[in-house]
2 protein chains.
Amino acid sequence: MTTQSFHPPERTLMGPGPSDVHPRILEALSRPTIGHLDPVFVEMMEEVKGLLQYAFRTENRLTLPVSAPGSAGMEMCFVNLVEPGDQVIVCKNGVFGNRMQENVERCGGTAILVEDEWGSPVDPAKVEEALKANPDAKVVAFVHAETSTGAQSDAATLCGLAREHGCLTIVDTVTSLGGTPVEVDAWGADAVYSGTQKCLSCTPGLSPVTFSERAVEAIGNRKTKVQSWFLDLNLVMGYWGNEGGAKRAYHHTAPINPLYALHEALVILREEGLENAWARHARMHEALKAGIEAMGLSFFVDEAHRLPQLNSVTIPEGVDEARVRSRLLEQYNLEIGAGLGPMAGKIWRIGLMGHSASATNILNCLGALDAVLSDEGAAIQSGRAVPAAMAKLGNG
Amino acid sequence: MTTQSFHPPERTLMGPGPSDVHPRILEALSRPTIGHLDPVFVEMMEEVKGLLQYAFRTENRLTLPVSAPGSAGMEMCFVNLVEPGDQVIVCKNGVFGNRMQENVERCGGTAILVEDEWGSPVDPAKVEEALKANPDAKVVAFVHAETSTGAQSDAATLCGLAREHGCLTIVDTVTSLGGTPVEVDAWGADAVYSGTQKCLSCTPGLSPVTFSERAVEAIGNRKTKVQSWFLDLNLVMGYWGNEGGAKRAYHHTAPINPLYALHEALVILREEGLENAWARHARMHEALKAGIEAMGLSFFVDEAHRLPQLNSVTIPEGVDEARVRSRLLEQYNLEIGAGLGPMAGKIWRIGLMGHSASATNILNCLGALDAVLSDEGAAIQSGRAVPAAMAKLGNG
């Protein structure tokens, strides 16, 4: 058995997440561990809440990071808002819509499905129809930014429709937070979760969440106990000091060092400014797009609904896509993502998230992709991608 | 709002966890983040599984770290093994037995309580009685090392009794793993969970778990879906490569850097040797005990059942215990733990866990406690604690 320390290679991370972690965040991770009830740590927890309100654009008091990855943040939203017998309209246009359906069913709820093609956004007309056909529905759940396809849905419209019909909303912003506008208060969204390892460029493992007063009220009016002890917001609120009063009730031991890292990631976001971060993601996407198209490759998602931070590129015919990714990893230390589920073998997912959304990464990625694809005999226009991207970056 | 980075003070952590994190582990945390599907990372995941088998003393194939704190590890055991209508014998002798009861009830099971005084171990005779009285019981759940009191129960006997009566066992080893003998295979335990921030001296946030073949079979025979998607072992097994075959199914994004840290913590444990780590915890406890008793203070738990790594010391009369802890923290950067629940105001909990179980920490702690208690006018024998501990350490 091994007794050797593990020393990872240095990769450039341009898949669907994790993204490249800023050196300041890695350094923050290694600061001395202190107790989770230490007054100095509790003060930092308050700062994290405030910084997350900034990132989510919300005044919601109940805004905090769950001590587990994004899929636990998703589950927290469902187990707290859905009770046995509840009807939930679930919009499915990718992997994470499927997962929402699983969550509803495991809570004893009934999922009413609104389906759209993978790669398309959620169609508000279909959602409206479902709302009209199901007047007892309690919640509408949808993914703002589908990580499996790179399509963005119109969260403002969908939240507005749900409200009109007296429904709460659960919104997945795992891939959008920090990359494209997430406007929790302006949308009127009720339960919103995200992840740390996408456009916040932090290490994976935590899930920022925020809940509106309407959601808090609904949780207070539950007829049954939340089925998960770990994710029960009534208990988590006490731990994060959201029940008023200075005293915090012990619930679990917070992951101290990962929270240092999230704090630092949010400080960096605040320094750059949220709008500037959105603009940077958009600008970098334009440069990548210029290069990808100059090479003769095309995008899977329509321009109108395309996420700048997650670029689904159609794999050219006759290419061994897994070998291309392996060569990029082995020869260039560059990670790009494969397609998930039905998208496997059809698309690559190139992430431009957070610290990875940089000119350096784009030129690196286009150059490496050009070299490997040419070498693999793909029908591309070699030599054009990098200059096309440079021209865009120069105009940025 | 703050835009300042957070710089924690340097504390000595002698509470009930987190314990002092080894500098090598802090350094490991800050290594470059790579993708969770990177072949190099997947290889490291395999090493972590092997190292955890070593720490748990088990051949169980299903041995892995849950991507969330110990309370999620606990919940993983219950949601996978308990179905609605199941009877579970829950042994309660502290805070974590209560939490087990909550878990059973939230799974739709019935908890049959076997209660013992806080500070006492679980009484096997009472458990046997409960097994005889409830022939349909499916699981016996108990805490090996109660973090709220510092009492250790006889896991081998309790697991043996459960087996005799055809029951599975769920065992909490959060505070024991790496500190006192945890013998999963020799006990014949079925579902065992732990934490990283106690005697492994890693940062909090992950929960090592291990499941016997009997447990895996029981999970395979479930009539209902596991209520938690995030903690469903059928899915987690696919992610951790436990379904045979090289391919891993995407489930969630593993917390990359915290897993580097756990790997390093386990490499350090392996270097020291598990038996040597147990012996060190025992030796350090003897030194602390000599000092505490020389000062005129006493232990809350009987010597026969006392955990060396978690020392519950009875608070001397007339002392403002919260002020003592604050002064230790502010003047000496030393954290010791308060009592939880009914133990609040009655005991302090002094941890000697992992990297914190050192001569330096003991002398530091006894010296600081002596100084603060004397200054607060407590009736102690000042000046005797440090020499008494030193004499023991010299003989060690």
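**Aromatic contacts**

I started with a cluster: A:Phe6, B:Phe41 and B:Tyr260 form one aromatic cluster. For pairing, I took rings of Phe, Tyr and Trp (its six-membered ring) with centres within 6.5 Å; planes under 30 degrees apart count as stacked, over 60 as edge-to-face and the rest as tilted.

A note on ground rules: this is a predicted model, where local features need pLDDT of at least 70 and side-chain atom pairs count only at pLDDT 80 or more, while totals for chains, interfaces and linings use all residues. Residues are numbered from 1 along each chain as its sequence is written, chains are lettered from A and ligands numbered from 1 in the order in which they are written, and side-chain values use heavy atoms, with hydrogens and water left out.

Next I looked up the total, and the structure holds six aromatic pairs over all chains. I then picked A:Phe96 and B:Tyr250: with ring centres 6.3 Å apart and planes at 70 degrees, the pair is edge-to-face. A:Phe96 lies in helix H4 (residues 95-106) of chain A and B:Tyr250 in the loop between helix H9 (233-239) and helix H10 (256-272) of chain B, so this pair joins two chains. Helices here are DSSP runs (H or I, at least four residues), numbered from the N terminus.

Buried or exposed, I wondered about A:Phe96? A:Phe96 is buried at a relative accessible area of 10%, whereas B:Tyr250 is partly exposed at 28%. My cut-offs were under 20% relative accessible area for buried, over 50% for exposed and partly exposed in between (1.4 Å probe, protein chains only).

I also found A:Tyr250 and B:Phe96 as an edge-to-face aromatic pair, with 6.3 Å centre to centre and 70 degrees between the planes. B:Phe96 is buried, with a relative accessible area of 9%, and A:Tyr250 is partly exposed at 26%.

**Charges over rings**

I checked Arg next. The charged end of A:Arg270 sits over the ring of A:Tyr54, 4.6 Å from its centre. In chain B, the charged end of B:Arg270 sits over the ring of B:Tyr54, also at 4.6 Å from the centre. The test asks for NZ of Lys or CZ of Arg within 6 Å of the ring centre and within 35 degrees of the ring normal.
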